[in-house]
Structures are given as C-alpha cells and as structure tokens.
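Please have the sequence and the structure at hand while reading.

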Amino acid sequence: AAGGGAASEGVARAMRRLRQHFVTRATFVQTRRATFGVHGLRTPEDCARLAREATAKSDSLVDLIVRGLPSATTVQMLDSLSATLCSVLDPLELARSVHPSPAFVDAADTAHQELAGRMAEYNTDERLYRAVRAVVDDERVSTLLSHEQTRFVHTMIREFEYDGAHL
C-alpha cells in the first residue's frame, strides 16, 4: 500500500538524477558523497545499510500508526512511510538495473529484495489497514482531511484491499 504515485514520481526523479550523473554505462560518474543523488550511497555496502535504516524507520512509523488514534497525523505518518520506502527502493532499483559495477548491482539487488519484501508485509498488514481505514470511518477525522489527504487515504485503502489486507 505504500508507494503508488509516489513510486512513479520517485522513478522519474531517479531517472533525472541518472541523466545528471550518468552519460553512458562506460562513463559512470559518481560524486564524492552520493550515487544517483542519494546521500550516503557510495559503495555496495551502503545499499544494505540504507535498506536497514529505511526498515527501522518504517517499522517505527508502522508501530506509531497502528498504536495511535485515527487522525490527520495518521495520514502524515502513512505518507512518511511511503516516502521512506520509496526514497531507498527507487535508487536501489535504478542501481541494480544500470550501475556498471557487478558488486554494486548485486548489493543493490539484495537490499532491494529485502526492503521490497518488507513493503509487501506492510501492504498486507491487517493492523495497518485497520488504522488507515479508521481515519475514513471516523467522521470527526475524515471531515478535517484536505482533499489530497482524502484521496491519498482512499488510494491506500484500495491498495490494501487489492493486496488482501482486509481479509
């Protein structure tokens, strides 16, 4: 459920960064601090570290979401969850597809698979689904949401239900 439009926007951002940092596979350019514009992504080992950090932050956000009362903050945390995952998954996807170093490709692939697996767990987490559903079901909360927040929550609910979180 985390992703959707944010994922395609992230890919577009990553592709723009790719054009800035990458002329051809043979002439790969890496800044001193970042690969694909991602601060802290310089070596193959950084892939696993960034995935672990995103997992820890995401787990904390999920815990806050499922323990909290329905509110607009629930929506903000859900958006943060999506952004946290996509800010690492998108560059890892790009790295495993186009990085010229086989070691970097392997590390990015492994880290991507692990983090994508965690996202799949979130997408089918009934507790997370119920917490998001409660935002819509509580009229005191749902009437306070902006149009964008309402659309976002309904999109997330549809994605949760598509993945079977409500079953």
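Is Phe 160 buried or exposed? In this predicted model, Phe 160 has a relative accessibility of 1% and therefore counts as buried.

## The aromatic pair

The structure holds one aromatic pair. It is formed by Tyr 129 and Phe 160, whose ring centres lie 6.0 Å apart and whose planes meet at 70°, so the arrangement is edge-to-face. The pair links distant parts of the chain, since Tyr 129 belongs to helix α5 (residues 126-137) and Phe 160 to helix α7 (residues 147-162), 31 residues apart. Tyr 129, at 9% relative accessibility, likewise counts as buried.

Helix α7 has 16 residues and reaches 22 Å from its first C-alpha to its last, which is close to the 22 Å expected at 1.5 Å a residue. Its buried residues include Gln 149, Phe 152, Val 153, Met 156, Ile 157 and Phe 160; seen down the axis of α7, the buried residues fall within an arc of 135°, so they line one face of the helix.

The cover over these buried residues includes α3 (72-98), α4 (102-123) and α5, whereas on the other side of α7 His 147, Glu 148, Arg 151, Arg 158 and Tyr 162 are exposed. After α7 comes Gly 164, with a positive phi near 85°.

## Cysteines

The count of disulfides comes to zero. Cys 47 is buried, with a relative accessible area of 0%, and Cys 86 is buried, with a relative accessible area of 6%.

Technical notes:
Residues are numbered from 1 along each chain as its sequence is written. This is a predicted model: local features need pLDDT of at least 70, side-chain atom pairs count only at pLDDT 80 or more; totals for chains, interfaces and linings use all residues. Side-chain values use heavy atoms; hydrogens and water are left out. Rings of Phe, Tyr and Trp (its six-membered ring) pair if their centres lie within 6.5 Å; planes under 30 degrees apart count as stacked, over 60 as edge-to-face and the rest as tilted. Helices (H or I, at least four residues) and strands (E, at least two) are DSSP runs, numbered from the N terminus. Buried means under 20% relative accessible area, exposed over 50%, partly exposed in between (1.4 Å probe, protein chains only). A disulfide is a pair of cysteine sulfur atoms within 2.5 Å. The expected span of a helix is 1.5 Å times one less than its number of residues. The arc is that of the directions from the helix axis to the C-beta atoms. Contact means heavy atoms within 4.5 Å.
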